[in-house]
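Please read the following note with the sequence and the model open beside it.

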Amino acid sequence: MTLDNSWHVIKTAAAENKHELVLSGPAISELIQKRGFDKSLFNLEHLNYLNITQTCLHEVSEEIEKLQNLTTLVLHSNEISKIPSTIGKLEKLKVLDCSRNKLTSLPDEIGKLPQLTTMNFSSNFLKSLPTQIDNVKLTVLDLSNNQFEDFPDVCYTELVHLSEIYVMGNQIKKFLQL
């Protein structure tokens, strides 16, 4: 992997074989605006924690699937309007936080993450959620401050660990009768 044109922080993470990487704030936004997102990040195959927050990032690359060891993906407080379907390839993912973005929809693959325990999509523009029946380890689901009119598709006996659902700040008119 050649890192000649990579961001300094990514070169450092690669050189030190880091397992955690935080890219946050105005300095990262400036790099994104001037040079585009540094896709060499997706060659850091040992990463298990990735945090990209408070930037001007508009989309998550389909190459996110290369980060097979990710257990935590934090993408809050950006400008993200789309999550790629390749996120479904992150089979070790336990925590996914995409709160405070500009998401209007989610790929079906978001419901096929077998290790996922925490999912936060609060403060977006979502009206629906793909079925979560296969996310059998899901414990916490935060969908607050979105545009839901119907209760999300999470009422399944398979979701025995689901103990917290946050839906305040939506326009839910009816709840499912059990």
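1. Arg-100 is placed in the loop between β4 (95-97) and β5 (118-120); strands are DSSP runs of E with at least two residues, helices are runs of H or I with at least four, and both are numbered from the N terminus. Arg-100 has a phi near 60°, which is a positive value in a residue other than glycine.

2. This is a predicted model, in which local features need pLDDT of at least 70 and side-chain atom pairs count only at pLDDT 80 or more, while totals for chains, interfaces and linings use all residues. Residues are numbered from 1 along each chain as its sequence is written, and side-chain values use heavy atoms, without hydrogens and water.

3. Gln-54 is found in the loop between β2 (49-53) and β3 (72-74). Its phi is near 55°, again positive in a residue other than glycine. Gln-54 counts as partly exposed because its relative accessibility is 47%; buried means under 20% relative accessible area, exposed over 50%, and partly exposed in between (1.4 Å probe, protein chains only).

4. Which residues of helix α2 (residues 26-35) are buried? They are Ile-28, Ser-29 and Ile-32. These residues lie on the same side of α2 because they cover an arc of only 105° around the axis, the arc being that of the directions from the helix axis to the C-beta atoms.

5. The face of α2 turned away from its buried side carries the exposed residues Pro-26, Ala-27 and Lys-34. Just after α2, Gly-36 takes a positive phi of about 80°.
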